[in-house]
Amino acid sequence: MPHDNLLSLGLGERDRLNKELGGGIPRGSIVLMEGDYGAGKSAISQRFAYGLVEEGASVTMMSTELTVRGFIDQMHSLEYDMVKPLLQEELLFLHADFDSGGAFSDGDGERKELLKRLMNAEAMWNSDVVFLDTFDAIFRNDPTFEALVRKNEERQAALEIISFFREIISQGKVVVLTVDPSAVDDEAIGPFRSIADVFLELEMIEVGNDIRRQINVKRFAGMGEQVGDTIGFSVRSGTGIVIESRSVA
């Protein structure tokens, strides 16, 4: 039976991800998805986004790495066709360009206050689910945040962002933050770990010549059905995310 408070990740015919995560992401959640480069944060985010849109949710995806073209190509390679949702405005895709002359810098190359600009960009927060991928790249490139970090006031900077996120999720929306923990100070990321309603840690494990990926479920408040501690997965070109059944050797 579907839970009213859960946003289904769908694709039940294609993979078991929604089932493994208890039937979906609870509305009004901050989701923290943490993992080193290559652990699969973007692929899992893209799978989440595609499934959510297929189930009728509206999604904003802000990427610090992909352009629209790159996003469409990457989704296509995973057999997640995003062209129609983009054209029908079920999915809003934004590329955060930090290079000089990019969307987030002044004409003379000066970086603007990214976090403030993000918070004021009302259209992106209208969706049911908002992905910031990768979130650490956004605050690492924010001059205000940098200044606070230099004064060892990371927690203060983080708390201001968190209060904004809390306001967003109080409307029943979901905010998904992806973070590469190796790229940012523990002091800066600590507060986000503490307040995340859903905290997923993605890791790669070398088994012989094989690289296995898994989602470690650190916290899952408001889960529907029971959610396991670890979910093995692989990212396959032409197939997408595949949930692995782990046989015990």
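How close do the axes of helix H7 and H8 come, and at what angle do they cross? This is a predicted model, in which local features need pLDDT of at least 70 and side-chain atom pairs count only at pLDDT 80 or more, while totals for chains, interfaces and linings use all residues. Residues are numbered from 1 along each chain as its sequence is written, and side-chain values use heavy atoms, with hydrogens and water left out.

The axes of H7 (residues 143-150) and H8 come within 7 Å and cross at roughly 145 degrees. Helices here are DSSP runs of H or I with at least four residues, strands are runs of E with at least two, and both are numbered from the N terminus. Axes are lines fitted to C-alpha atoms, for helices over the stretch in contact, and angles run from 0 to 180 degrees between N-to-C directions. On the H7 side, the contact (heavy atoms within 4.5 Å) is made by Phe-145, Leu-148 and Val-149, and on the H8 side by Glu-154, Ala-157, Ala-158 and Ile-161. These residues divide into 6 nonpolar, no polar and 1 charged. In this count Ala, Val, Leu, Ile, Met, Phe, Trp, Tyr, Cys and Pro are nonpolar, Asp, Glu, Lys and Arg are charged, and the others, Gly among them, are polar.

Helix H8 covers residues 154-169, 16 residues in all, and reaches 22 Å from its first C-alpha to its last, close to the 22 Å expected at 1.5 Å a residue. The expected span is 1.5 Å times one less than the number of residues. Buried means under 20% relative accessible area, exposed over 50%, and partly exposed in between, with a 1.4 Å probe and protein chains only. The buried residues of H8 are Glu-154, Ala-157, Ala-158, Ile-161, Ile-162, Phe-164, Phe-165, Ile-168 and Ile-169. They cover an arc of only 160 degrees around the axis, which puts them on the same side of H8. The arc is that of the directions from the helix axis to the C-beta atoms.

Next comes the sheet. It is open, with 9 strands in the order S5-S4-S6-S7-S3-S8-S9-S10-S11 and mixed pairing. Two strands pair if DSSP finds at least two bridges between them. The edge strands, each pairing on one side only, are S5 (91-95) and S11 (240-243). From one strand to the next, the twist averages 20 degrees. H8 packs on this sheet, touching S3, S6 (129-133) and S7, and its direction makes about 140 degrees with that of S7.

Strand S3 (residues 30-34) has 5 of its 5 residues buried, so it is largely enclosed by the rest of the structure. Ile-30, Leu-32 and Glu-34 point one way from S3, and Val-31 and Met-33 the other way. S3 runs parallel to S7 (residues 174-179), joined by 5 bridges, and Leu-32 has Leu-177 as its bridge partner in S7. S3 also runs parallel to S8 (residues 198-207), with 4 bridges; there Glu-34 is partnered by Glu-201.

Two residues complete the tour. Thr-60 is in strand S4 (residues 59-63) and, at 0% relative accessibility, counts as buried. Although Thr-60 and Leu-132 are 72 residues apart in sequence, they are 8.6 Å apart in space, C-alpha to C-alpha. Val-53 lies in helix H2 (residues 41-54) and, at 8% relative accessibility, also counts as buried.
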